[in-house]
Amino acid sequence: MTVTQADFARYVGMQGPVKRAHAPLEREMLRRFVQAIMDRDPLYYDEAHARATRFGGLVAPPLYPVHAFRTPADGPDPLVSVQKDPDADGTEGNDGVLFGLEPIQSPFKRLLNGGNEIEFFRCLAVGETCVAQARYANVVLKEGRSGQMLMVDVETEFRTEAGEMLLVNRQTLIWR
């Protein structure tokens, strides 16, 4: 199936809904996260130390908001798509990239991460809940050596529920 740039024009600028993390950042959640990433900064676990810093209390590492949105335990298994279609890449139903954006309809099945650019504003504090909203900043059809590919720039803003900006993630996705 051959597609043209006009097939994707409607997606540029499209925004998804505001998505809310399942729970506010709790000390135990923070402890598990920093253990998983092996970051021993006392800012993340030592309350007395954290209070004496410019943050005034325990905060999460800067990239935590990107990981605050998890698939629920009863959510769909994205690998089921590989059982249905051996050419699938296993990302079906995974909202960790699109954050509620309408999926782009295309003949391409394989997704590659083309990179991220992240602008940090502040860290999420214990007790705060993260919200995110994504939009398609750009959608471009390109011709590569092995055929067409779709380059998609997704810009996602992560804020506190009170509206304070945490970070902006600009991610390039490549579908082949």
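Predicted model: local features only at pLDDT ≥ 70, side-chain atom pairs only at ≥ 80, totals over all residues.
Student: How many residues has the largest nonpolar core?
Tutor: A nonpolar core is a set of buried Ala, Val, Leu, Ile, Met, Phe, Trp, Tyr and Cys residues joined through side-chain atoms within 4.5 Å. Buried means under 20% relative accessible area, exposed over 50%, partly exposed in between (1.4 Å probe, protein chains only). In the largest core, Tyr136, Leu150 and Val152 have the most contacts. The core has 41 residues.

Student: Which element gives the most to this core?
Tutor: Helices (H or I, at least four residues) and strands (E, at least two) are DSSP runs, numbered from the N terminus. α1 (27–37), β3 (130–144), β4 (147–160) and β5 (165–175) each supply at least two core residues. With 6 residues, the top giver is β3.

Student: How many bridges join β3 to β4?
Tutor: Two strands pair if DSSP finds at least two bridges between them. β3 and β4 form a hairpin with 2 residues between them. Ala134, for one, has Thr156 in β4 as its bridge partner. The strands run antiparallel, and their bridges number 14.

Student: Which residue in the turn between β4 and β5 has a positive phi?
Tutor: β4 and β5 run antiparallel, joined by 10 bridges. Phe158 stands opposite Leu167 in β5. The two strands form a hairpin with 4 residues between them, and phi is about 95 degrees at Gly163.

Student: What is the angle between the ring planes of Tyr11 and Tyr136?
Tutor: Rings of Phe, Tyr and Trp (its six-membered ring) pair if their centres lie within 6.5 Å; planes under 30 degrees apart count as stacked, over 60 as edge-to-face and the rest as tilted. The whole structure has 5 aromatic pairs. Tyr11 and Tyr136 form an edge-to-face pair, 6.0 Å centre to centre, with a plane angle of 85 degrees.

Student: How many residues apart in sequence are the parts that this pair ties together?
Tutor: Both Tyr11 and Tyr136 are buried. Tyr11 lies in the segment before β1 (19–20) and Tyr136 in strand β3, so the pair ties together parts whose separation in sequence is 125 residues.

Student: Which residue lies over the face of Tyr11?
Tutor: A charge sits over a ring if NZ of Lys or CZ of Arg is within 6 Å of the ring centre and within 35 degrees of the ring normal. Here the distance to the ring centre is 4.3 Å, and the residue is Arg10.

Student: Why is the pair of Phe99 and Phe158 called edge-to-face?
Tutor: The two residues are 59 apart: Phe99 in the loop between α4 (80–84) and β2 (111–120), Phe158 in strand β4. Their ring centres are 5.4 Å apart, and the pair is edge-to-face because the planes stand at 90 degrees.

Student: Is Met38 buried or exposed?
Tutor: Met38 is found in the loop between α1 and α2 (47–51). Its phi is near 55 degrees, positive in a residue other than glycine. Its relative accessible area is 73%, so Met38 is exposed.

Student: Which side chain makes a polar contact with the side chain of Gln171?
Tutor: Gln171 lies in strand β5 and is buried, with a relative accessible area of 12%. A polar contact is a pair of N or O atoms within 3.5 Å; within protein, one must be able to donate a hydrogen and the other to accept it, and residues adjacent in sequence count only if both atoms are side-chain atoms. At 3.4 Å, the partner is Asn113.

Note on methods: Residues numbered from 1 in each chain as written. Heavy atoms only, no water.
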